[in-house]
Amino acid sequence: MAWFKRTDKGIQTPTEEKKDTPKGLWYKTPSGKIIDTDELKKNLYVSPEDGYHVRIGSKEYFEIFFDDNKFKELDPKLSAKDPLKFEDTKKYPEKLKAAQKKTGLKDAVRTAVGKSMGKDLVVASMDFAFIGGSMGSVVGEKIARAIDYSIKNNIPFLMISKSGGARMQEASLSLMQLAKTSAKLAQLADAEIPYVSLCTDPTTGGTTASFAMLGDINIAEPNALIGFAGPRIVKDTTGKDLPEGFQRSEFLLEHGFLDAIFERKDLKKQINLYIDLIQNQPVRA
C-alpha cells in the first residue's frame with residue numbers, strides 16, 4: 001500500500017495542532033524566486049536569489065541609516081485636515097483615519113534626526129503604504145520643517161522618495177507642496193548644506209517633479225520606477241511602444257537623470273561618503 005493512503009478513517013486533528021505553513025513565511029519575487037521571510041529581513045528585504053528590492057517604509061529605512069536605530073522623530077503628530085471637504089467613495093477624513101489605523105502612521109512621510117556613521121543626519125522617508133505615498137499638505141510641511149531643522153543645525157539632509165504622486169483629495173493644496181519644498185531646498189543650497197535624494201520604487205508624479213530630482217546627488221535603488229507619468233499613461237498618450245526598462249532606475253542612469261544606483265546594503269556607506277566628499281571632510285571608514 002502506498003505511504004500516502006490513510007488506513008484509519010475519521011481521524012480529526014484539532015485546528016491548533018495542524019502543521020500548515022503560517023501565512024507570510026515565504027515571499028515570492030516577481031521573477032518567481034521564493035525566499036524565507038526571516039532571511040529576507042536579515043538581507044534588508046532584498047532577495048539574495050535575484051537581487052529584487054522589496055518595497056519597505058520609513059521604519060526599515062531608519063533602521064538602515066541611523067546608528068543602532070536611535071533617532072529623534074520630528075513633528076510626529078502632524079496630521080492632515082480637510083479644508084476642501086473632499087468626498088469621493090468616502091469622505092477624506094474617513095480615508096485618513098482608515099489609513100492611519102491600517103499603517104500606524106500619521107501621514108505618508110516621517111522625518112527624523114540621528115547619528116549615521118557617527119555624524120548627525122536628517123532623514124525624511126516616505127511611506128507608500130499610506131494612501132500610495134501621495135503628497136499632501138502634511139508631506140510638504142514635514143519635509144519643509146525637516147529642511148529648516150537641517151539649516152538651523154547645519155546638518156546634511158537625506159530625502160527618501162516613494163510616492164504615487166500628488167494627493168487628489170487636497171487638489172491645489174497638494175500641488176503647492178511642489179513649490180514649497182523646492183523653495184526650501186533652494187534655501188538649503190544657499191546655506192551650503194548637502195542634500196542627497198534617494199529615489200526608491202516607485203517615485204512618480206509631483207515628487208519627481210520637485211524634491212526627488214533636486215539633490216546635490218540623485219541616486220536610486222536598483223530597478224526602481226522613476227518618472228512623472230507612469231509607463232502605461234505615457235504609452236497611451238504617445239501611442240508608441242516604450243523602450244525596454246523605460247523609467248527604471250538603470251534607464252534613467254543611462255540617460256543622465258541619476259548619478260548612481262546602489263544596492264540597499266551599500267546605501268548608508270555610499271551616502272555618507274558623498275556627504276564627506278561634498279563637505280571636504282575626512283572620509284569615514
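## A walk through the predicted fold

Let's start at Val113, which, once neighbours within four places in sequence are set aside, is in contact (heavy atoms within 4.5 Å) with Phe66, Phe71, Lys72, Leu74, Leu121, Val122, Tyr149 and Ile155. Val113 belongs to strand S4; helices (H or I, at least four residues) and strands (E, at least two) are DSSP runs, numbered from the N terminus. At 9% relative accessibility, Val113 counts as buried, because buried means under 20% relative accessible area, exposed over 50% and partly exposed in between, with a 1.4 Å probe and protein chains only.

Before going on, a word about what you are looking at. This is a predicted model, in which local features need pLDDT of at least 70 and side-chain atom pairs count only at pLDDT 80 or more, while totals for chains, interfaces and linings use all residues. Residues are numbered from 1 along each chain as its sequence is written, and side-chain values use heavy atoms, with hydrogens and water left out.

Now step back to the whole chain. Its secondary structure comes to 8 helices and 10 strands, and its C-alpha atoms fill a box of roughly 80 × 50 × 45 Å along the principal axes. Of the 285 residues, 42% are buried. Look at contacts with a separation of 6 or more, and 66% of them join residues 24 or more positions apart.

Together with Phe62, Phe66 and Phe71 are linked into a cluster by ring pairs. Rings of Phe, Tyr and Trp (its six-membered ring) pair if their centres lie within 6.5 Å; planes under 30 degrees apart count as stacked, over 60 as edge-to-face and the rest as tilted. Searching the whole structure turns up 6 aromatic pairs. A ring can have a charge over it too: the charged end of Arg55 sits over the ring of Phe128, 4.6 Å from its centre. The rule here is that NZ of Lys or CZ of Arg is within 6 Å of the ring centre and within 35 degrees of the ring normal.

Next, find a pair of helices. Two packed helices are described by the angle between their axes and the distance between the axes. For helix H4 (residues 137-153) and helix H5 (residues 171-190), the axes come within 9 Å and cross at roughly 5°. Axes are lines fitted to C-alpha atoms, for helices over the stretch in contact, and angles run from 0 to 180 degrees between N-to-C directions. H4 and H5 are therefore roughly parallel to each other; angles under 35 degrees count that way, over 145 as roughly antiparallel, 65 to 115 as roughly perpendicular and the rest as oblique. On the H4 side, the residues making the contact include Ile143, Ile147 and Ser150, and on the H5 side they include Thr181, Leu185 and Leu188. Sorted by class, this contact has 6 nonpolar, 6 polar and 4 charged residues. In that count, Ala, Val, Leu, Ile, Met, Phe, Trp, Tyr, Cys and Pro are nonpolar, Asp, Glu, Lys and Arg are charged, and the others, Gly among them, are polar.

Leaving aside neighbours within four places in sequence, Ser150 is in contact with Val122, Ile155, Pro156, Phe157, Leu188 and Ile193.

Most residues other than glycine have a negative phi, and most peptide bonds are trans. Leu44, in the loop between helix H1 (37-42) and helix H2 (58-65), has a positive phi near 60° and is partly exposed at 28% relative accessibility. Met117 has a positive phi near 55°; look for Met117 in the loop between strand S4 (109-116) and strand S5 (119-126), partly exposed at 21%. As for the peptide bond from Asp201 to Pro202, it is cis, with omega near -5°, and Pro202 is in strand S7 (residues 195-204).

Follow the chain into the loop between S7 and strand S8 (217-220), and you reach Ala209, which is partly exposed at 47% relative accessible area. Beyond its sequence neighbours within four places, Ala209 is in contact with Leu178 and Phe228. Gly215 is in the loop between S7 and S8 but is buried, at 16%. With neighbours within four places left out, Gly215 is in contact with Tyr195 and Ser197.
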